[in-house]
Amino acid sequence: MRELQEMAARIRELRDVCGFTTAEVARKLQIGEEDYVRYETDGSDVPINVLFRLAAVLGVDLNELLTGRAPHLESYCLVKRGHGMTIDRYPGYAFQSLAYTYKHRVMEPLLVTVEPEEGDPAPVAHGGQEFNMCLEGTMDLLFDGKAIRLEAGDSVYFNPNRPHGQRAVGGRARFLTVITL
């Protein structure tokens, strides 16, 4: 909870430094001002697609927005197993950033762990392109109203501008996702 409050404070401070009003940022993100103000107040329930766009609007790297630390490497970034920057966004959905110290990324590789949950995840949509590869377990990519089943070793490349979400099937699932920025 403390990390979410710190992120909310960073968002508010960055907006102030940029000289934007809450209405201007909400308009740039194409969301309601009430939702945006809630993100600045407590940081909870900010969809990942909004975080990507917000980082771009505020002129910072996503990881700087999430952690307050700017990436600094320019030639390569080595992340040992289990040492990615862990981000728990929602109950049952956690991810590790696998390139969080690399400057000027054009893609965001994430290792995602999804726990089985009741019901379907709220669909998201964002720019760029996305690749998912199931590493462990079984998962569904809920894409544009249909379920695409992936088992360990299966992959899918898709247009994330369309509504989508991932869910674990029958137990915990882990997958690699790579999102172009």
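A residue is called buried when its relative accessible area is under 20%, exposed when that area is over 50%, and partly exposed in between. By this rule F143 is buried, and F158 is buried as well. The model discussed here is a predicted one.

**Aromatic pairs**

A pair of aromatic rings is described by the distance of the centres and the angle of the planes. Two such pairs are found when the whole structure is searched. The table sets out their geometry.

| Pair | Distance of ring centres | Angle of planes | Class |
|---|---|---|---|
| Y93 and F95 | 6.4 Å | 70° | edge-to-face |
| F143 and F158 | 5.5 Å | 70° | edge-to-face |

The pair of F143 and F158 joins two strands: F143 belongs to strand 5 (residues 138-143) and F158 to strand 7 (residues 155-158), so the pair ties together parts that are 15 residues apart in sequence. In the other pair, Y93 has a relative accessibility of 22% and therefore counts as partly exposed, whereas F95, at 3%, is buried.

**Packing of two helices**

Two packed helices are described by the angle between their axes and the distance between the axes. Helix 1 (residues 2-18) packs with helix 3 (residues 33-42) at an angle of about 120°, and their axes are 5 Å apart. The two helices are therefore oblique to each other. On the side of helix 1, the residues in contact are L4, Q5, A8, A9, I11, R12 and R15; helix 3 contributes Y36, Y39, E40, T41 and D42. Sorted by class, this contact holds six nonpolar, two polar and four charged residues.

In soluble globular proteins, nonpolar side chains tend to be buried together. The largest nonpolar core of this model has 38 residues, of which M7, Y36, L51, L54, L62 and L65 touch the most other members. Helix 4 (residues 48-58) gives the most to this core, namely seven residues. Y36, one of the residues that touch the most other core members, also takes part in the contact between helix 1 and helix 3.

**The surroundings of N63**

N63 is located in helix 5 (residues 62-67). Its relative accessibility is 2%, so N63 counts as buried. Leaving aside residues up to four places away in sequence, N63 touches G68, R69, M85, S97, Y100, R105 and E108. From C-alpha to C-alpha, N63 and D120 are 27 Å apart in space, with a separation of 57 residues in sequence.

Conventions
Residues numbered from 1 in each chain as written. Predicted model: local features only at pLDDT ≥ 70, side-chain atom pairs only at ≥ 80, totals over all residues. Heavy atoms only, no water. Core = buried A, V, L, I, M, F, W, Y, C linked by side-chain atoms within 4.5 Å. Buried < 20%, exposed > 50% of the residue type's maximum accessible area, 1.4 Å probe, protein only. Helix = DSSP H or I, 4+ residues; strand = E, 2+ residues; numbered from the N terminus. Contact = heavy atoms within 4.5 Å. Phe/Tyr/Trp six-rings, centres within 6.5 Å; stacked < 30°, edge-to-face > 60°. Axes fitted to C-alpha atoms, helices over the stretch in contact; angles between N-to-C directions. Parallel < 35°, antiparallel > 145°, perpendicular 65-115°, else oblique. Nonpolar A, V, L, I, M, F, W, Y, C, P; charged D, E, K, R; others polar.
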